[in-house]
Structure formats: C-alpha cells, structure tokens
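The sequence and the structure come first, and the notes follow.

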Amino acid sequence: MGPGPPPPPPPPAAAGPLSAGARLSFAVGHFLNDLSAAMWFSYLLLYLRAVRAYGSRGAGALLLLGQAADGLCTPLVGYEAARMRARCARYGPRRAWHLAGTICVLLSFPFIFSPCLGCGDATPEWVGLLYYAPFIVIFQFGWAATQVAHLSLIPVLATSDHEKVELTALRYAFTVVANITVFGAAWLLLHLQGSPRAGPSAQDVDVADQLGVQDVPVFQKLALLVVGVGAASSLLFHLGTREGRQRRAEGPDEHSPLLAPAARPSLLWKHWLQEPAFYQVGVLYMSTRLIVNLSQAYMAMYLTYSLHLPKKFIATIPLVVYLSSFCASFLMKPVNKCMGRNLTYFSGLLVILAFAAWVALAETLGVAVYAAAVLLGAGGATILVTSLAMTADLIGPHTDSGAFVYGAMSFSDKVANGLAIMAVQSLHPCPSELCCAACVGFFRWVMVTVTGGVGVAAALALCSLFVWPIRLRTRDPGDRP
C-alpha cells in the first residue's frame, strides 16, 4: 500500500492586532468624505437660501436629489464590491471603490459651492437648479462609494470585537476632526470677510453680520480647502492600508483537530434580507443618522433665524458640538467594554433627549447655547459610534458581504434624510422669502423634532435589541446558497 493522502493544510492563525500606523492610515481614509459632509449638511441649505437666494423648496429639492442619488448608489456599490473580489484581488475591491469614489468627490464638490457658470441676475431659478444637479449626483456617487468601501474594511481589518470598536471610534474621531477643521476655517473666513474697513457705519456693520451674496468667496475657499486636505488624507490611506493581511501559519500540534472544520457558508444579499437582526440594526442606524444629520443640517438655520445670532455663530456653535464629540469618542472603547453596546447607546440617547427638552422649554438660550451644544455633541458621538459597532457585530465573520450590509444601511439612512429634509422645506411657513415672523419658532421646533422625536423612535428600536439581541439565524452548511 502506498502512503495515505496528505493531511489538509492547517487553518491559518489569527492575524495580530493592527499597528499604530495602519490604524492611523485607516482612520484618515474617510476624511475627505467627512470634510465634504460637514459642508453639505451644515451649509448647503443656508448657502442656497441666504447666499444664492433660492426658494426653500428648490434648495430642499437639490438636497433631496443628493440624498436620493447617494441612497441609490450605496447598495449598488456594496453589491458590486462584493462581486469584484476576484477581479481586484491584488489591489483589493474595497480600496478600488474607495479610489474611484475619491476621484468623483474631488472633481465635483468645488462646483457645488460656486456660482452657476454663465448665470446672471435675470437667469431663472430652475436653470441654476439644473446646473447644480449633475455635480451633486457625481459627488454623491463618489461619497457613497468611498463610505461603503471604508466601512466594509472594518470587519476585514479588525481581529476582535474591541478592535472593531477602536477602529470605529478612531474613524469617528477623525470625523470630528474634519468637522472642527471645516467650522474653524469657516469662522476664520467669515471673520475676515466681516472685518470692517476704516470708519464703518452702524448700518454697514449690521449688514456684515448677515449672510448674503457677498459671502460667495467664503464658501468657494472653504470648498477648495476641503478638496485639498481631503486629497492628501486619501493618499495617506491608500499608501498605508492593505486590504488583505497575511496571517501567520502555524504547524499542527497535539491539540490540532484530526479533521479540518467545515467552511463557513457565505451569506448572499438575499440571505441578509431574511435575517430579523438585519432590520433591527438597520432601523437603529437609520434613526441615529437622522438625529445626527438633521440636527447638523438645521443647526445653522436655528441659530440664525430662531436665536437671531450673528453669522459667526454658524461656525462657533457647530465647532463646540464637534469638540465635545471628539472628547466623547475617546471614551467609547472603555465605556462599551464596561457597559455593553445597548446600555452605552441608551446613555447617549438620554443626553440627546435632554438637549431636545432644553430647546423645547427655552425660547432663548443666550450663553447657554454653548452648554446645549456640548450635550448634542457628546450624545451624538455616543449613539453614532455605538450604532456602527453594532453593525460590525451584525456582520461578524461574514466580511465577504459586509459591503452589501453597509450599503443597505446607508441606503435607508440617505433616503430617510432626504425625505425628511424635503418635508421640512415643504412645511416652511415663508417659502417665498428668506425668513418671516413665523419661521422664528419653526426652526426651533424642527430641532426639537429631529432630536427628541427621532430619539423616541431610536429608543423603540433599542428596546427590540434588549429583547432579541443581535444574532444571525444558524445556517446549515449544506444549504444551497
């Protein structure tokens, strides 16, 4: 008798933790998206209304178009990223999509915050809206491709649950840095724009404190800054991140099993749609994004029209929000380890509800607006980081289809955000003019609704996770995919 068949190769040992340089390069991979998103959500509506003088419904339609394009592109990118593993095996499908998305963002974003080329004072509003539409679609496609590619790398790179939280927290920390950068630069540019020349009259000073067509160069320079800094950070990501990490092979010993374990069946997109946990986490993530994004989108309107603050506050208050977010993001790893995902999210939600109650009960805040901003920032950081960690928990070892999961989550979030903003813009009490007496209280209650009202919906989704924790149903390896 000849020798028996050779033994199967030993299973690869788990890779070691990521180095500090690899964690840093991954963390800055979403920096361009974060910078552009800060401008998109915080300033697009205000720029279109107060600077470009478009109607409230026209401004809302452009933002809805962007969110719809993002929402449609996101699951398609996730599906295609999962399909092209073999074709981009060397560079990595996720990194390839990240690169394509980065190029689209860099080429389109500056045009969104620049005047319509060829348009004049007599140009109808609809012409300007059509001009901005293709740039917004290209930008949102690139943004979606970059976001899905970057998020789907977390389960691939992380080797433990705590490392997932750490990568998510680092990612969010740089999101906060991006927002701080945008709002700090906006404050500086607005300060320089509003610096009075020699001997200004009281009327000139009052006009300088209000947003108008004179502030177009401010937003142009801010958009160019976003593109420049974001391009440098994306280059660092592609130089320092490797999608497929080599694992250390170890020989068999006396504790090795005689038979290799059965391969884990792959989950396809249709399998995810049959998992109840997929919808639980999806609703929670969508609610979280609604709170964070809508409060960011309407903060400038609330400060300008409800609290009647000078235009420099549209930079300083969001800056305080994200400084508190930055500090809170560093507490996420130990807090999650100590309290668990559900209780950590619940604690952040309580802070958000406290902010909503404060805004509802106080018509004017004065200096207390800074304290309210701290609450919003800390609570938003807590629920966003924790919801992303829950999504990584949902994916678990099924990293091959992780891009589809993140794409589906982002699809629901983007569509919900766009519809919510269009609904608010349609309910605006004075759509034909910049602001009337009725809009003073309108934006105050918008802020209460997008934080407190959506926060209640998030609490209901969280209750389902307390009753039915995140867990995928067991699949028989012999099942046909």
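**Charged pairs, cysteines, rings and helices**

Lys414 and Asp413 form a salt bridge in which the closest N and O atoms are 2.9 Å apart, and both of these residues are buried. Through salt bridges that share partners, Asp70, Asp413 and Lys414 are joined into one network. The model is a predicted one, and the points below should be read with that in mind.

**Salt bridges**

- The count of salt bridges comes to three, and, as background, side chains of opposite charge can pair when their charged atoms come close.
- Besides its bridge to Asp413, Lys414 forms a salt bridge with Asp70, where the closest N and O atoms are 3.8 Å apart.
- Glu166 and Arg23 meet through their side chains in a salt bridge with an N to O distance of 3.7 Å.
- That pair, too, links distant parts of the chain, with Glu166 in helix H7 (residues 161-193) and Arg23 in helix H1 (residues 20-27), 143 residues apart.
- Glu166 is partly exposed, because its relative accessible area is 22%.

**Cysteines**

- The count of disulfides comes to one, and it is formed by Cys116 and Cys119, whose sulfur atoms are 2.0 Å apart.

**Aromatic rings**

- A search of the whole structure finds 20 aromatic pairs.
- In the pair of Tyr131 and Tyr132, the ring centres are 5.3 Å apart and the planes stand at 80°, so the arrangement is edge-to-face.
- Both Tyr131 and Tyr132 are buried.
- One aromatic cluster is formed by Trp40, Tyr43, Tyr47, Phe109, Phe113, Phe139, Phe183, Phe219 and Tyr322.

**Helix H9**

- Helix H9 (residues 216-240) has 25 residues and, at 1.5 Å a residue, should span 36 Å, which agrees with the 37 Å between its end C-alpha atoms.
- Among the buried residues of H9 are Val216, Phe219, Leu222, Ala223, Val226, Val227, Gly230, Ser233, Ser234 and Phe237.
- As a general point, an α-helix has 3.6 residues a turn, so residues three or four places apart point the same way.
- Phe219, which is one of the buried residues of H9, is also a member of the aromatic cluster named above.

**Ser324 in helix H12**

- Ser324 lies in helix H12 (residues 313-329) and counts as buried, because its relative accessibility is 11%.
- A polar atom of the Ser324 side chain lies 3.3 Å from the backbone oxygen of Val374.
- When neighbours within four places in sequence are left aside, Ser324 is in contact with Ala373, Val374, Gly377 and Ala378.

Conventions: Residues are numbered from 1 along each chain as its sequence is written. This is a predicted model: local features need pLDDT of at least 70, side-chain atom pairs count only at pLDDT 80 or more; totals for chains, interfaces and linings use all residues. Side-chain values use heavy atoms; hydrogens and water are left out. Helices (H or I, at least four residues) and strands (E, at least two) are DSSP runs, numbered from the N terminus. The expected span of a helix is 1.5 Å times one less than its number of residues. Buried means under 20% relative accessible area, exposed over 50%, partly exposed in between (1.4 Å probe, protein chains only). Rings of Phe, Tyr and Trp (its six-membered ring) pair if their centres lie within 6.5 Å; planes under 30 degrees apart count as stacked, over 60 as edge-to-face and the rest as tilted. A polar contact is a pair of N or O atoms within 3.5 Å; within protein, one must be able to donate a hydrogen and the other to accept it, and residues adjacent in sequence count only if both atoms are side-chain atoms. Contact means heavy atoms within 4.5 Å. A disulfide is a pair of cysteine sulfur atoms within 2.5 Å. A salt bridge is a side-chain nitrogen of Lys or Arg within 4 Å of a carboxyl oxygen of Asp or Glu.
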